[in-house]
Amino acid sequence: MSFLRRRKGTDSSKSQNLRCNIVKEDEKNNLYESPRKESYNSKKWSCWDSCCWFIGFVCSVWWFLLLLYNTMPASIPQYVTEAITGPLTDPPGVKLRKEGLTVNHPVVFVPGIVTGGLELWEGHQCAEGLFRKRLWGGSFGELYKRPLCWAQHMSLDNETGLDPPGIRVRPVSGLVAADYFAAGYFVWAVLIANLAQIGYEEKTMYMAAYDWRLSFQNTEVRDQTLSRIKSNIELMVATNGGKKVVVIPHSMGVLYFLHFMKWVEAPPPMGGGGGSEWCAKHIKAVMNIGGPFLGVPKSVSGLFSVEARDIAIARTFAPGFLDKDVFGLQTFQHLMRMTRTWDSTVSMIPKGGETIWGGLDWSPEGSSFNCGAKTLRNNSINNTDQIPNINLANMKNVNYGRIISFGKDVAEAHSSKIERVDLLDSMKADMLANLTNCDIWIEYHDIGDHRIKAAADYKVYTAGSILDLLHFVSPKLMARGGAHFSYGIADNLDDPKYQHYKYWSNPLETKLPDAPDMEIYSMYGVGIPTERAYVYKVTTATDCSIPFQIDTSVEGGSEDSCLKGGVFSADGDETVPVLSAGLMAAKGWRGKTRFNPSGIPTYIREYSHAPPANLLEGRGTQSGAHVDIMGNFALIEDIIRVAAGATGKELGGDHVYSDIFKWAERINLQL
Amino acid sequence: MSSLRRRKPINESSDSKHKAEEEDEDHDDVDADGDDDVNGKNKKTPSKIKKKRGEKPPKQPKWSCMDTCCWFIGCICITWWLLLFLYNAMPASFPQYVTEAITGPLPDPPGVKLKKEGLEAKHPVVFVPGIVTGGLELWQGRECAEGLFRKRLWGGTFGEVYKRPLCWVEHMSLDNETGLDPCGIRVRPVSGLVAADYFAPGYFVWAVLIANLARIGYEDKTMYMAAYDWRLSFQNTEVRDQTLSRIKSNIELLVATNGGRKVVVIPHSMGVLYFLHFMKWVEAPAPMGGGGGPDWCSKHIKAVVNIGGPFLGVPKAIAGLFSAEAKDIAVARALAPGFLDNDIFQFQTLQHVMRMSRTWDSTMSMIPRGGNTIWGGLDWSPEEGNSCAKKREKKNETQIADQAGSENAVCKAKSANYGRIISFGKDVAEAPSSDIERIDFRGAIKGHSAANTTCRDVWTEYHDMGFAGIKAVAEYKTYTADSLVDLLHFVAPKMMARGTAHFSYGVADNLDDPKYKHYKYWSNPLETRLPNAPDMEIYSLYGVGLPTERAYVYKLSPHAECSIPFKIDTSADDEDTCLRDGVYSVDGDETVPVLSAGFMCAKGWRGKTRFNPSGIRTYIREYNHLPPANLLEGRGTLSGAHVDIMGNFALIEDVIRIAAGASGEELGGDQVYSKIFNWSENINLQLDEEIPVHSSS
């Protein structure tokens with residue numbers, strides 16, 4: 001501590017000083033006193049001044065480093081990285097430019113749920129000063145500063161699913177809408193940068209940003225978003241010499257674009273009136289990235305108890321923090337109330353019922369997927385052989401079909417052994433709602449204890465009965481959702497009822513447009529355990545909390561078990577199971593089927609997940625995770641090739657790591 | 001020095017510990033002071049210590065050097081953080097309270113006021129930003145611009161100008177031959193409302209208007225920013241970016257998605273010319289135009305609300321092109337010649353700026369149009385009799401009221417010759433035309449440029465011109481609007497060659513001449529007809545009451561190899577003729593003179609004229625400039641300055657009313673403070689298709 005040393009020096013000088021002036025003073029006394037003084041002084045000093053000194057020191061050093069950083073040539077970080085990891089591979093844009101690829105087809109990006117920015121256009125008193133600031137995306141600063149105000153503004157009206165009175169929150173437009181989700185967390189930015197390398201710019205790229213909280217048709221009702229997309233695609237085709245667009249939807253954008261393709265060809269008041277050839281004339285290819293064509297089980301747990309796996313675990317570790325009223329905020333209930341007003345979440349409920357997702361005792365994935373040994377995932381025969389050897393007592397056959405089970409025993413028992421109380425009977429039970437004084441309103445308070453008990457007594461829910469469950473626990477949300485989305489399988493696609501817009505985003509209840517030259521790609525990551533089914537428990541009754549929770553204490557028997565923390569996982573990209581992302585392209589639309597009457601060619605491109613080798617790589621260039629895949633070099637390369645004019649065959653057709661074709665065979669779908 | 005003050009109490013307390021031993025000595029001091037008080041001791045010790053310290057200074061610096069520095073910075077940081085914390089914890093309405101406490105209650109912003117009146121979003125609006133205000137971002141660049149992909153080169157913080165100025169200049173320049181992208185560089189306009197809402201952080205352009213429109217219900221789907229690359233010539237924005245097609249498509253979309261309601265277009269500054277070009281383009285047949293058919297404008301546009309429009313160009317553009325200086329720069333140049341002229345840090349700032357701005361074709365769209373007919377000749381100008389002294393009298397009467405009478409007489413005699421846009425020397429500017437000896441420069445041989453190839457890497461066309469050419473320019477002595485175009489052709493042939501392919505500056509004799517179908521005439525209101533749209537309205541909104549550059553006194557700069565040979569003669573001053581720092585000024589909004597902004601709506605298009613065959617109604621709305629009353633008002637809510645007028649409450653109110661459906665008559669028709677109608681009468685412009693009619697003067 002240089003500070004102390006110097007301090008001493010001054011002190012002795014001072015005492016010397018004293019000695020000179022004070023003749024009477026005893027030398028001995030002085031010498032005796034000075035050490036005491038010193039210690040006292042230094043203590044006094046260290047309190048406030050050393051604080052200041054320390055902060056000043058830190059600040060100065062910080063500024064100095066900042067200065068150095070700013071004056072440093074921009075290429076140094078790259079040198080360092082290359083020194084550590086060896087020479088980096090060229091990003092795909094640079095590589096393909098060297099191959100001579102140039103801009104050809106204009107591209108349209110359709111962002112998914114959550115990734116698009118939303119900004120405030122009109123708000124209540126509490127949101128003053130936030131005009132045209134991002135409420136969603138960016139730094140999320142306001143979420144921390146005024147959480148209640150934020151939740152209020154992000155919510156939609158619970159009856160209409162549109163703006164609450166006095167609040168207008170609108171999607172950000174332009175490429176900035178979803179290039180970065182938060183500062184430094186890219187979504188589309190890497191893809192955009194790589195496309196720019198071969199000559200793309202704003203006139204040839206269009207971000208079809210929409211308000212992802214609304215149901216698809218409501219984006220047209222409120223913002224005329226679908227009309228804007230139509231007009232912009234037409235403009236891009238016209239200004240680029242008639243070259244058709246390549247559409248790249250991601251995540252929920254896949255469903256949104258399915259909706260768009262039906263809307264644009266439907267006749268006016270309900271549709272866009274583009275005529276039956278619009279898609280054939282304007283779209284070269286639809287390159288779906290991580291598309292939840294048939295929904296995702298995650299959305300069920302999200303709607304049912306606002307928890308996905310990550311949150312569920314946090315909830316057990318720190319029950320007080322998230323469950324109880326920290327700072328007077330009932331975090332979960334607020335979140336739940338907010339997300340339940342977002343109609344779009346309903347679009348991702350698993351579609352196709354038990355035909356697709358499996359019933360009580362079977363599921364397409366069956367036991368063939370081994371969560372622990374991912375490397376062996378192609379040897380399904382091996383696995384089935386091993387399983388009885390590992391544990392004979394416990395049938396390791398995972399019942400993925402039971403999307404929600406109450407208790408682990410229920411999840412694993414044979415269906416004949418489960419006693420279930422019919423849900424519909426208890427529906428009629430008295431509505432003795434516990435109208436307690438919870439200041440937060442969620443629908444669980446309206447449904448009462450009986451219904452909660454009844455929901456738990458039904459024990460097991462498959463993809464079919466999940467819908468009844470959701471109708472049961474959140475009637476309002478599902479009433480709105482039912483008007484905009486549908487989850488069934490069409491028996492007869494010519495039924496005139498299928499002209500209604502609520503069927504447009506369900507690939508099992510619509511026909512693809514008549515566009516034989518178009519191509520549909522399904523690109524997704526594999527090799528990451530993905531939520532597929534849940535084990536639930538009823539929480540100890542408190543008045544103002546959510547009555548159901550994922551039972552995180554439930555673990556599978558062995559290391560390799562797919563059951564972890566109350567969640568059964570299957571292969572996928574961490575959010576969308578392979579089944580949902582791949583089935584349509586693998587079977588439902590393959591060749592000429594009733595869902596694909598014009599025989600649009602489909603291609604499956606899977607990307608096996610490899611985590612980033614080290615921290616310097618950031619989110620990795622070989623990731624298969626739902627959002628990180630947008631930075632996957634192989635995927636970007638495929639997209640650029642298609643945008644530059646390649647066809648699916650030139651890319652190499654299907655590119656499959658998972659067992660999707662095997663699973664697809666097990667699904668008994670009329671084609 | 002807070003650092004000293006704070007340190008004292010600590011020393012004091014530490015020293016009060018010594019008190020026991022120092023008792024005796026203390027007594028002496030106390031007696032000497034004659035102030036015996038037990039409590040007094042505590043107070044006194046610091047002064048004593050201070051004294052003692054003073055006696056022994058050499059030891060002191062030892063620890064006050066580094067440590068005090070750190071300590072001091074620490075203190076400042078802590079205070080700063082504390083204040084920052086307080087600021088963040090402060091309720092958002094607090095600044096408003098303070099402001100209201102000082103200035104009295106603020107008037108409601110126009111959006112709030114009109115919302116209370118019950119106005120609602122009706123017609124979609126289209127903003128057309130002007131030159132310079134739109135952001136530009138990098139899409140492809142050279143090595144030196146690494147890491148700037150999709151970062152703003154223009155607008156925002158301009159951080160890169162300081163970090164890598166040469167690189168920045170290189171990327172902002174266009175190709176000198178084609179006026180398009182140089183090889184390997186793609187700089188593109190930012191799109192969306194963010195393109196021009198703020199020019200730099202905190203410096204609003206459209207943001208206030210957008211916020212007020214949002215109050216009555218406007219949002220992204222009913223507002224569209226027609227951002228374009230303002231460096232390009234207008235037609236080239238279509239060639240390179242298809243910007244005109246995008247604007248057309250977006251306006252059609254706005255009309256379609258808003259139940260067929262026509263758009264209100266709000267161009268600002270150069271955007272006014274751009275939109276004139278657009279209106280001709282959109283109705284012209286396909287390869288050259290947009291093929292929208294002859295009634296596109298009447299079907300899609302309700303009103304064009306021009307803000308500060310340089311319909312007939314601005315004299316400032318001349319100074320910018322001729323010597324890369326506007327008034328502000330010229331003054332700076334005189335005050336600190338070493339700073340701007342010589343090579344600071346090896347940058348020849350002005351030359352670089354000049355080289356860059358000369359590649360921007362759009363700057364040529366603002367060269368004064370209409371020649372001597374509009375801007376005046378050697379011995380007359382439409383603004384004749386305008387006096388600056390008078391103007392100042394209008395503003396603060398108390399000061400000059402007594403002098404005004406006597407000065408007015410002088411003024412009449414010494415009226416400025418605004419027609420002489422560039423004069424070499426003050427005497428030339430003031431002499432009657434018969435006294436000026438002029439040698440025509442046009443035939444002059446540009447001569448030996450060999451001497452000038454030594455200039456390092458900076459290249460301006462002046463170096464090609466040679467000394468003889470420069471001399472010839474100066475010997476022509478004075479230039480009117482007509483001869484200015486020739487002058488520019490002479491000094492910057494390459495630029496003007498590109499410019500004349502895209503712009504024209506004349507007055508049409510016969511608008512039926514098929515040559516006027518070419519796009520280079522589309523942005524000149526004196527060489528085109530307005531579209532056939534009798535229901536449309538054209539507004540001209542601009543500020544008045546600010547001295548605005550109108551004519552210049554130049555001098556030859558002392559010969560230096562690599563500098564620009566002409567300079568505004570900032571030593572030329574004349575109170576009576578509005579000559580200040582070498583610049584004659586007239587009424588205007590600080591950039592655009594009233595004549596340019598108002599003439600077309602006051603006369604050229606008023607009623608059915610040959611420029612306005614369908615009789616589109618025109619309205620002039622002037623806003624008298626008032627500077628902000630105090631610093632808290634920022635850039636003012638009553639400003640008339642060229643860009644600050646975008647925050648003028650009266651203007652915003654007018655715009656909102658029009659957007660909500662009001663017509664020009666409902667607004668109150670013309671609102672005029674300047675003498676634009678008098679001046680327009682002085683201009684002898686043929687308005688009737690058949691017979692040239694001379695307007696009475």
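The model is a predicted one, and over all its chains it holds two disulfides. A disulfide is a covalent bond between the sulfur atoms of two cysteines.

**The disulfide in chain A**
- Cys126(A) is joined to Cys149(A), with an S to S distance of 2.1 Å, and because the torsion about the S-S bond is about 80°, this disulfide is right-handed.
- Cys126(A) sits in the loop between strand 2 (118-122) and strand 3 (134-136) of chain A, while Cys149(A) belongs to helix 6 (residues 147-154), so the pair ties together parts that are 23 residues apart in sequence.
- Cys149(A) is buried, as its relative accessible area is 10%.

**The disulfide in chain B**
- Cys144(B) is linked to Cys167(B), again with S to S 2.1 Å, and this link, with 80° about the S-S bond, is right-handed.
- Cys144(B) lies in the loop between strand 2 (136-140) and strand 3 (152-154) of chain B, whereas Cys167(B) lies in helix 9 (residues 165-172), so parts that are 23 residues apart in sequence are tied together.
- Cys144(B) is partly exposed at 31% relative accessibility, but Cys167(B), with a relative accessible area of 8%, is buried.

**Cavities**
- The structure has 14 cavities of 30 Å³ or more, and the largest cavity contains about 850 Å³ of space.
- Among the 40 residues that line the largest cavity, Ser173(A), Tyr206(A), Ser191(B), Tyr224(B) and Asn250(B) lie nearest its centre.
- The lining of the largest cavity is made up of 19 nonpolar, nine polar and twelve charged residues.

How values were computed: Residues numbered from 1 in each chain as written. Chains lettered and ligands numbered in written order. Predicted model: local features only at pLDDT ≥ 70, side-chain atom pairs only at ≥ 80, totals over all residues. Heavy atoms only, no water. 1 Å grid on protein atoms, 1.4 Å probe; cavity = no way out; pocket = protein on both sides within 12 Å on 5 of 7 lines; lining within 4 Å. Points joined across faces, edges and corners; volume = space filled by probe spheres on them. Nonpolar A, V, L, I, M, F, W, Y, C, P; charged D, E, K, R; others polar. Disulfide = S-S within 2.5 Å. Helix = DSSP H or I, 4+ residues; strand = E, 2+ residues; numbered from the N terminus. Buried < 20%, exposed > 50% of the residue type's maximum accessible area, 1.4 Å probe, protein only.
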